Amino acid sequence: MASVFRFSRSINRDTRLVSIQFENQVIEAREGETIAAALLANGIDFTRKTPVNGQARAPFCMVGTCFECLMEVDQIPNLQACMIEVQEGMVVGRMYGPRNPDDDT
Amino acid sequence: MESEFAIVGGGILGISIAWGLQRIGRDVMVIDEGDFAFRASRGNFGLVWVQGKGDGLPDYTRWTLRSASLWPDFADELEDTTGIKLELSQPGGIDFCLSNDEAENAVARLSGIRDSLSIDYPFEYIENTELRKLTPEIGPDVVGGTYCPKDGHVNPLYLLRALYTDFQSRGGRVVNGVSVDKIKQENSGFRLSGGVEMFAQKVVLCAGLGNRKLGEMVGLNVPVEPNRGQIMICERVIPFMRYPSVQIRQVGEGAVQIGDSKENVGFDDRTSPEVISRIARRAIKIYPLLSHLRTIRTWAALRVMSPDGFPIYQQSDAHPGAYVVTCHSGITLAAIHALVLTRWIGGEDQPKNLESFSGKRFSI
């Protein structure tokens with residue numbers, strides 16, 4: 001299904017630009033914004049696939065409550081992308097299904 | 001509002017009884033107090049558990065075993081009618097022992113229960129090396145564990161939702177946000193009030209800790225007390241835990257739930273860091289890989305405990321037609337409550353040895 005997907009920053013922040021890496025793309029983000037905000041502003045329309053049934057999911061509540069935005073950040077799985085501010089050089093990836101409990105991260 | 005049966009209490013006990021009575025053709029109304037009530041049915045651990053139950057009352061062991069065996073058909077029926085998957089799994093359960101003392105006590109207790117019964121009571125004690133074949137992720141601090149093949153677990157929230165969905169889709173009425181503060185017997189039944197007036201020919205008290213006060217209104221002694229249990233839930237991971245235990249289970253969607261504190265702290269359902277860290281440390285000794293996982297949420301709920309820990313099922317002598325149903329194992333017993341106990345309340349037939357569960361055992 002085609003969808004119209006558009007988020008933009010409501011305030012034109014004057015903060016420094018930082019680059020983060022997302023699934024082999026380089027994303028421009030504004031210092032001070034969260035990973036979830038940066039990805040939505042760049043038109044990324046899903047950030048994980050749920051372990052329950054494999055559906056694509058995107059950030060929803062943006063305040064740390066819903067856990068829809070779980071991502072892998074600098075190799076640490078299942079982190080809430082809406083609760084972490086971007087940093088130059090950060091490597092962010094989607095979560096595909098559940099994490100492996102054996103991973104010591 | 002008027003009905004044949006009024007069920008006071010909209011938790012798992014109340015809706016199990018309501019659903020079961022409706023299933024045998026009765027007209028039922030459920031009165032639910034609302035979200036300010038202590039909702040044990042929203043905060044419990046979700047075990048369908050046999051091992052250890054009934055130490056001191058063999059009839060309770062038999063009752064629990066029978067409920068566990070009724071569970072698969074009960075779950076099938078609810079899943080078929082509602083389409084809600086309950087995540088019932090009964091692979092057997094393990095109670096882990098972290099010292100030789102714990103192991104000796106567990107075996108002595110289960111042997112005592114088995115010896116008090118005339119029916120089969122399956123359990124075995126398994127030492128670490130053998131236990132590791134069943135569940136390879138356990139740590140070296142686990143001395144052994146008692147395994148009972150009748151144990152299992154279920155998603156208690158889906159159970160609650162399925163019972164409500166089916167009950168209401170068949171015309172069952174639910175009154176929300178009403179705290180019953182008066183029950184008065186009249187010629188043909190009971191008048192209940194709590195902001196609104198309701199009338200029913202028969203009334204069943206299923207209000208958990210509220211039953212103490214409600215019972216007094218209809219001549220029933222229900223000396224229940226709160227006992228706090230704290231629970232933590234970790235992030236969802238790939239299913240790895242094959243067997244539920246009293247302390248830890250991996251839920252159907254992959255999250256790992258850890259619990260089993262027992263605290264007599266009155267009507268206080270807050271969590272405390274000391275208890276949460278204690279249960280977490282014990283869980284990590286059992287499954288060391290849990291130390292990798294993040295905690296998502298912690299909560300506490302209040303168990304509804306009678307003085308001996310066993311259920312109370314009783315009809316009032318002073319006010320016939322008024323019943324009390326209370327226990328602290330509303331999930332395990334949901335199947336037998338819905339399918340068997342309702343036949344007694346509905347006037348069809350009385351289960352054997354029901355008098356073992358009368359609240360009269362607490363009278364001096």
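This is a predicted model: local features need pLDDT of at least 70, side-chain atom pairs count only at pLDDT 80 or more; totals for chains, interfaces and linings use all residues.

1. The centres of domain 2 and domain 3 of chain B, taken over C-alpha atoms, are 20 Å apart. Where these two domains meet, twelve residues of domain 2 of chain B and twelve residues of domain 3 of chain B take part in the contact. On the domain 2 side, strand β4 (residues 93-97) of chain B gives the largest share, four residues. By class, that side of domain 2 of chain B has six nonpolar, three polar and three charged residues.

2. For orientation, the domain assignment places domain 2 of chain B at 93-149 and domain 3 at 225-305. Domain 1 of chain B is made up of the segments 2-79, 156-223 and 308-362.

3. How many of its five residues are buried? The count is five of five, so you will find β4(B) mostly covered. Gly93(B), Asp95(B) and Cys97(B) lie on one side of the strand, with Ile94(B) and Phe96(B) on the other, and both faces are covered. β4(B) runs antiparallel to strand β6 (residues 144-148) of chain B, and five bridges join the two. Within that pairing, Ile94(B) has Tyr147(B) in β6(B) as its bridge partner.

4. Next comes the open sheet of four strands in chain B, which has the order β13-β14-β12-β15 and antiparallel pairing. Why is one side of β13 (248-250) and of β15 (295-305) of chain B left without a neighbour in the sheet? These strands stand at the edges, and each has a single partner strand, so there is no neighbour on one side. On average, neighbouring strands of this sheet are turned by 20° against each other, direction ignored.

5. Helix α8 (residues 273-286) of chain B lies across β12, β13, β14 (255-258) and β15 of chain B, and runs at about 55° to β12(B).

6. Helix α9 (residues 334-345) of chain B is largely enclosed by the rest of the structure, because nine of its twelve residues are buried. Among them are Ala334(B), Ile336(B), His337(B), Leu341(B) and Ile345(B). The partners that the buried residues of α9(B) pack against include the helices α1 (12-23), α3 (58-82) and α6 (156-169) of chain B. Strands β11 (197-205), β16 (312-315) and β17 (322-326) of chain B also belong to this set. After α9(B) comes Gly347(B), with a positive phi near 80°.

7. Now to chain A, which has one helix and seven strands. From the N terminus on, its elements follow the order β-β-α-β-β-β-β-β. The radius of gyration of chain A is 14 Å, close to the 13 Å that the globule rule gives for 105 residues, so chain A is as compact as a globular protein of that length. Its C-alpha atoms fill a box of roughly 40 × 35 × 25 Å along the principal axes. Buried residues account for 29% of the 105 residues in chain A.

8. Finally, the two chains together: eleven residues from chain A and eleven residues from chain B make up the contact. On the chain A side, these are four nonpolar, three polar and four charged residues.

Note on methods: Residues are numbered from 1 along each chain as its sequence is written. Chains are lettered from A and ligands numbered from 1 in the order in which they are written. Two residues are in contact if their C-beta atoms, placed from the backbone, lie within 7 Å. Ala, Val, Leu, Ile, Met, Phe, Trp, Tyr, Cys and Pro count as nonpolar, Asp, Glu, Lys and Arg as charged, and the others, Gly among them, as polar. Domain bounds come from an automatic or database domain assignment. Two strands pair if DSSP finds at least two bridges between them. Axes are lines fitted to C-alpha atoms, for helices over the stretch in contact, and angles run from 0 to 180 degrees between N-to-C directions. The radius of gyration is taken over C-alpha atoms; the globule rule is 2.2 Å times the number of residues to the power 0.38. A residue is buried if 20 or more other C-beta atoms lie within 10 Å of its own, exposed if 12 or fewer, and partly exposed in between; C-beta atoms are placed from the backbone.
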